[in-house]
Amino acid sequence: MGLGKYMRVSKPETGRDSEDGSDLEGLLHDPQDAAVSQPTKAKLSSVFHWTVHVITIILIFGLYVRSGRQAPRPTPLSIYSPLVEAVGDTSRMETFKGTFWESSPYHGPPTDEVMAAWKHITHIPLLNFTAEEISRMGHSLDSVQYPLERGGGYVAQFEAIHQLHCLHSLWQDHHYQKHPEMFPDLTESINAFPDVMEEHYEHCVNMLRQRLMCTPDPNFVTWRWVEGITGPYADFNTPHVCQDYEALLEWGHGRAVDAEVARDFYSWVPPADAVRLSHAP
Ligand SMILES: *[C@@H]1O[C@H](CO)[C@@H](O)[C@H](O)[C@H]1NC(C)=O
């Protein structure tokens, strides 16, 4: 790909080099150079001709090597994030925990403790951003703002929080079947808006699918032989480079508004000068 680009660039360059050569050869034929004898003129012209050729070949070879070396470099394609700007790269090695029957803080059945663990990673008050940050993030300046009497600023929430909320919803949807008493809010929503909740389920699967396909995990699962187990057994405890999620939460809480400021969020009405979309985004 890169090579093709350079090939296209270098072809006209070769042409131009020989044109330049002809121009200079023309200069050598200038009447003012009449004193230069014919054989010397021919020799000079030939030396010049070959010098141009050698330089051109070196130039093309150099561009070829350069394009080859540049080809594997990935293009940085990331959207501006005030989180990344403030916290930077928090990546470190982590081993995923994937052993069957090995518990985790988020492992059902839904006890108060497990519910609290999920809440810790999925609940953060709404964040407050400046117009400049909203623009740099690629969002519209017509996005919803906090009412001026509550402080102003743009309303936003982490995609990470939204996505973990979606995973939590799928987890809840399963455990709700056996333990409806543990999910009074969910029970209420399912009874009041069954269609919306069904669509919410599909929305969450759709979001998580896109998230997983967007940055497909390049790591690999391997299998082991295990005494007492027939056949190969997958080792899901795979090494990964992970960002520090707690660092995201910590920065987020610093950017969040007081819970009181965001009260009744879904009952807010647009201010008189609000720009409204003609249909849902
Ligand atoms: C949002 O942050 C700005 C400072 O950038 C502050 O003036 C404003 O009061 C904050 N808004 C809320 C709702 O906390």
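Two residues are in contact if their C-beta atoms, placed from the backbone, lie within 7 Å. Leu83 touches Leu248 and Trp251 in this sense, leaving aside residues up to four places away in sequence. The model is a predicted one: local features need pLDDT of at least 70, side-chain atom pairs count only at pLDDT 80 or more, and totals for chains, interfaces and linings use all residues. Residues are numbered from 1 along each chain as its sequence is written.

Start with the whole chain. Its secondary structure comes to nine helices and six strands. Helices (H or I, at least four residues) and strands (E, at least two) are DSSP runs, numbered from the N terminus. Burial is counted with C-beta atoms placed from the backbone: a residue is buried if 20 or more others lie within 10 Å of its own, exposed if 12 or fewer, and partly exposed in between. Buried residues make up 2% of the 281 residues in the chain. Now take the contacts with a separation of 6 or more. Residues 24 or more positions apart account for 67% of them.

Leu83 is partly exposed because 17 other C-beta atoms lie within 10 Å. Its C-alpha is 9.4 Å from that of Ala247, although Leu83 and Ala247 are 164 residues apart in sequence.

Next comes the loop between β1 (92-95) and α4 (112-122), where Pro109 is found. The peptide bond from Gly108 to Pro109 is cis, with omega near 5°. Trp101 is found in the loop between β1 and α4 as well. Its phi is near 65°, a positive value in a residue other than glycine. Most residues other than glycine have a negative phi, and most peptide bonds are trans. How many C-beta neighbours does Trp101 have inside 10 Å? There are 5, so Trp101 counts as exposed.

Asp264 also has a positive phi, near 55°, and is a residue other than glycine. Asp264 is found in the segment after α9 (245-255). With 6 other C-beta atoms within 10 Å, Asp264 is exposed.

Now look at a helix pair. Two packed helices are described by the angle between their axes and the distance between the axes. Helix α4 packs with helix α6 (residues 159-178) at an angle of about 155°, and their axes are 9 Å apart. That makes α4 roughly antiparallel to α6. Axes are lines fitted to C-alpha atoms, for helices over the stretch in contact, and angles run from 0 to 180 degrees between N-to-C directions. Angles under 35 degrees count as roughly parallel, over 145 as roughly antiparallel, 65 to 115 as roughly perpendicular and the rest as oblique. On the α4 side, the contact is made by Trp118, Ile121 and Thr122. On the α6 side, Ile161, Leu164, His165 and His168 take part. These residues divide into four nonpolar, three polar and no charged. Here Ala, Val, Leu, Ile, Met, Phe, Trp, Tyr, Cys and Pro count as nonpolar, Asp, Glu, Lys and Arg as charged, and the others, Gly among them, as polar.

Ala160 has its place in helix α6. With 18 other C-beta atoms within 10 Å, Ala160 is partly exposed.

Move on to strand β3 (residues 154-156), which holds Val155. Val155 is partly exposed, because 18 other C-beta atoms lie within 10 Å. Beyond residues up to four places away in sequence, Val155 touches Leu126, Val144, Gln145 and Tyr146. Val155 and Ala256 are 101 residues apart in sequence, yet 9.4 Å apart in space, C-alpha to C-alpha.

Which residues are around the ligand? They are Asn128, Thr130, Tyr146, Arg150, Gly151, Gly152, Gly153, Val257 and Val261. A residue is near a molecule or strand if its C-beta atom, placed from the backbone, lies within 6 Å of it. By class, the shell has three nonpolar, five polar and one charged residues.

End at helix α8 (residues 194-214), whose end C-alpha atoms are 30 Å apart. At 1.5 Å a residue, its 21 residues should span 30 Å, so the two values agree. The expected span is 1.5 Å times one less than the number of residues in the helix. Helix α8 is hardly covered: its count of buried residues is zero.
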